[in-house]
Amino acid sequence: MRDKYKRIPIPVRYLINALLCAAFLVIVQSFISGGSISRYQSGILVQIGVYIIMAVSLNIATGYLGQLPLGHAGFMSIGGYSCAIFMMRLADKMGVETADLLIPGLIFGGCVTALFGLIIGIPALRLKGDYLAIVTLGFAEIIRVFMLNIDSLLGFKFTGGAGGLTGIPRYSNFLNVFISVILVCFFVHTMMKSRHGRAILAIRDNEIAAEASGVNISYYKTLAFVISAFFAGIGGGLYAGSIGVMDPTKFGFMESIEILVMVVLGGMGSMLGSISAATVITVVNQVLTSLSEYRMVIYALLLIVVMMFRPKGLFGTYDFSLSHVMERLFNRDFPKRKSKGARK
Amino acid sequence: MIFFQQLLNGLQLGSIYALVALGYTMVYGIILLLNFAHGDIIMVGAYVSWVVMSRLQLGPITAVFASVLMCTLLGVVIEKVAYAPLRSAPRLSLLITAIGVSYFLENGAQLIFGADGKNMNAIFSIPNLTIGSVTLSSTALVTLAVTIVAMIGLLMLVHKTKMGKAMRAVSEDMGAAQLMGISVNATISFTFAIGSLLAGIGSVLYSNIYQMATPTMGSMLGLKAFVAAVLGGIGSIPGAMIGGFAVGFIETFVSAAKIGQQSLSVWRDAVVFAILIIVLVVKPTGIMGHKVREKV
Amino acid sequence: MKKFFALLIVVAMALAITACSSSDSGEAGTNGGGVNGQSENGGSIKVGLLAPLTGDVAQYGLSVASGAELYIKEINEAGGINGKTIEVIKYDEQGDATEAVNNYYRLVDDGVVGIIGDVTSAPTVAVAQASVEDNMPMVTASATDPSVISYGSNFFQACLNDPYQGTTMAKFAANELGVTSVATIYNTGDDYSIGCNDAFVEQCNELDVQVLSQEGYADGDVDFNAQLTSIIASGAQAIFCPNYYQDDGMIVTQARTLGFTGSILGVDGWTNTHEYTDPENLYDCYFCTSFAIIDDEKINEFVDAYRAENDKDPGNFEALGYDAAMVLLNGIKAAEDAGLEAGTDDYKQAVIDGIANGTVAGVTGEISYDGTGAPTKSIMIVSLDSGSPEFYMNY
């Protein structure tokens, strides 16, 4: 489509963003090595990164696909356990540093989680709305019970049971978490802009119409669900490496809800929303420690109020685009972008 | 004999689930909302009992009335404040709101009463019956009797009264019911009131058996009851009853079962949820779903 | 692609906020012990306190914190350590391992010389692993998991660990009660319960006491009827129930309702069990603990001071918190006496050595360490026969 406006060519857009990310990475990394960012603060940055991945991955299923899985913490725990166990065992066998196995470990964790996503997704996605929610919730509970009790069934130490999987080398740091966040966001973004992404959005907007237009509903639903699980697994793997302990009790219903709160508050279908909500909530939790008693009550109220007054979340489906802003600057009479919210 | 005793344990547990499941079924049947907060209404009821009995030192009768009344009111208020404004909103929003309400009640209770459980005396203490070597817990019998009476009452209400007819009409087609001169809002409020009333009765029986109130007691109870409702066929009153007892029995027998030296009790929740998933996949309408396809 | 910049801005924003927050976090935290502000004469020593103050396990964290703060307040009123007051920086870790590690680093940033914490097992293990890197002196009041002291020599327990308690109760059942068959019911979601249970069963096997049945239950369960019915049918003479008081109360009630008349045995999580069941159910109930409100000069003093401060009776967690503070401050005193400068590696090592070599007379007994982070101290058996805890015997 040719128009009279000056456009930024796509490769240049990619380049600008890549450079900005790299610059940011270098600056923060130099702060960390220079000591201006303390370990506490870099720990928080890592945590923000993990929750960004969790929120963005849940957003695929909730925001883009329009389903409500309530077992995201279950996926997180599968990813964390499988990644950590894989890395620890393999590092032992091969006699290398655990941290060197991060990439295969994360991919392994992601794949195992994706496999579980597939197992639960195929039956669950035949069901609608509330049923899907309750099935995924039940599934996460089953996962939790397994992680707690699998050792006594196997007869040897595998997940560590109630004491948790301890002694995980702390392989996550700002550098690898930040790169993972970038890669996850990049992948999700390009996927959603592709044919497959549009098919997924079409299912959300109107399942019957999408089917009538030749979209293979079950295939795309499962695809979105599995990808969501895959990235949740990666988030879980990074989580395990940031704390050093996998505690099965952490990954209950509450954790799933906390991730859901991030997605819902940020805006269902907005990556910007998920990213900023994950960031703001993690930071607010740290800043308002004195209010921590009220924190949960406030979240609950926020959830209700947002649903009442802004059912699509704070950002709705809006996503920020630097290129778009720049194009606006170049062209005085640039037309306002059509709101994506107009979809429905 | 031990089998009989376990049967009774299952009946007692199942009665509670059945009562709660009835509330779920009523609400789900009429506005297709999985009311996550239903279990937490029971939690509030238990705290009311505790406040009345242990704090205000008022008698058990007052406690029963106070908690049933409080639960009923709470249910109606939640419906009016949180759910009614979203009547035309997408189901997803409604479900998230329900989660929000549940979350709010749990954390609110924790804020007010603390995370530590509150212990109270049994509301009514009747001596146990002993027949041979079996001790029949009288509370189990009371619970069972109340649940059966509640179900019969509910069936009568839905099938024999004008309000019941209105409820069935609204669940069938909200728009058409309105055109026929039925006040949809009043009917939905009434349904919530009845559902929460059952939750209130459930909370009294629960407090009587377990004598404990904790902020999170409602969440698992609510989920299990929902499983029961789905198992029995959501929307069906006898289904909720059957599902409740089924879940109660499954839990009790899994807890009691053993493979060699290993007790299976830790797998109980996993078994219950696995059954839910299987039921939903194989026969999403549940046990009673097809035959009695009457939505309350 | 476009979202990259969004991401960038947001993370930058986050950074800005974290940076801001850290600058004032010092004040935010120090309101803990109510003992700050008077640091003019001789300066002050910063001590960290890490505990869950909100969330599901807040009751344990609040108890430990109130005990520890009481001791520190007493020390400050008595003039502090060598004229320096103790300043408590208290952070809430919400019972979550992530928050525990975050707040541990925050305490390190704040410049504490030692930390009292953490409270529950998983977060404590996470912090223990992290603290080894810094060789930070840490004393946990209540994490009984033996693995918490396995990561480094900087970590100490003020409480007796799970295996010791389980073993003690098995010996008590066999030797004092003359029990020949037992059954256990324990929380399989809790490391503490599992640890006690395993040790108990092992010791029973050694003592030729028959373990007829081991029943597990899940965290948050309230209905134990099925398991108890199996236990009663097995004909066990005693039930070992190594859990926290809330569950124990319900188990006792339900066991008695089902007609069980034998002994019920517990461990130190039982301290408040008598508040969670009817007194008439508590006949033949015993538990081991290192603290109970019994008539003893030292304990009376502590109980009176605690009541004056908190308007309620202290339990096991409060007493252990009090002793954990005592253990840590004892180590700090050694470092201060040596005239070392706070914050240096030598200072930390001196605190650790001071703890390891010192002996303190705590309210939960005399605490010393013989080369590991696990204390050697006495344990007593408490009877609930009368409906409230009474000293039964030392063991």
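Predicted model: local features only at pLDDT ≥ 70, side-chain atom pairs only at ≥ 80, totals over all residues.
Chain C runs to 395 residues, and 63% of them are buried. If you look at its contacts between residues at least 6 apart in sequence, 69% join residues at least 24 apart.

The chain splits into domain 1 (41-160 + 299-376) and domain 2 (162-289). Taken over C-alpha atoms, the centres of these two domains of chain C sit 30 Å apart. Where they meet, seven residues of domain 1 touch eleven residues of domain 2. The domain 1 side of that meeting place has two nonpolar residues, four polar ones and one charged one.

**Where chain A meets chain B**

Now over to the other two chains. Here, 33 residues of chain A are in contact with 33 residues of chain B. On the chain A side, the elements giving two or more residues are α5 (129-154), α10 (253-266) and α12 (292-309). Of these, α5(A) supplies the largest share, with 14 residues. Sorted by class, the chain A side has 25 nonpolar, five polar and three charged residues.

| Domain 1 of chain C, touching domain 2 of chain C | two residues | four residues | one residue |

**A closer look at α10(A)**

How far apart are the end C-alpha atoms of α10(A)? They are 20 Å apart, which agrees with the 20 Å that its 14 residues should span at 1.5 Å a residue. Of those 14 residues, 13 are buried, so α10(A) is largely enclosed by the rest of the structure.

**The nonpolar core**

The largest nonpolar core takes in 349 residues, and the ones with the most contacts inside it are A:Ala55, A:Leu303, B:Ala228 and C:Ala68. Both domain 1 (41-160 + 299-376) and domain 2 (162-289) of chain C give residues to this core, so it lies between them.

Which residues does C:Ala68 touch, leaving aside those up to four places away in sequence? They are C:Leu49, C:Ile116, C:Ala141, C:Gly321, C:Tyr322, C:Ala324 and C:Ala325.

How values were computed. Residues numbered from 1 in each chain as written. Chains lettered and ligands numbered in written order. Buried ≥ 20, exposed ≤ 12 C-beta atoms within 10 Å, placed from the backbone. Contact = placed C-beta atoms within 7 Å. Helix = DSSP H or I, 4+ residues; strand = E, 2+ residues; numbered from the N terminus. Nonpolar A, V, L, I, M, F, W, Y, C, P; charged D, E, K, R; others polar. Core = buried A, V, L, I, M, F, W, Y, C linked by C-beta atoms within 7 Å. Domains from an automatic or database assignment. Expected span 1.5 Å × (residues − 1).
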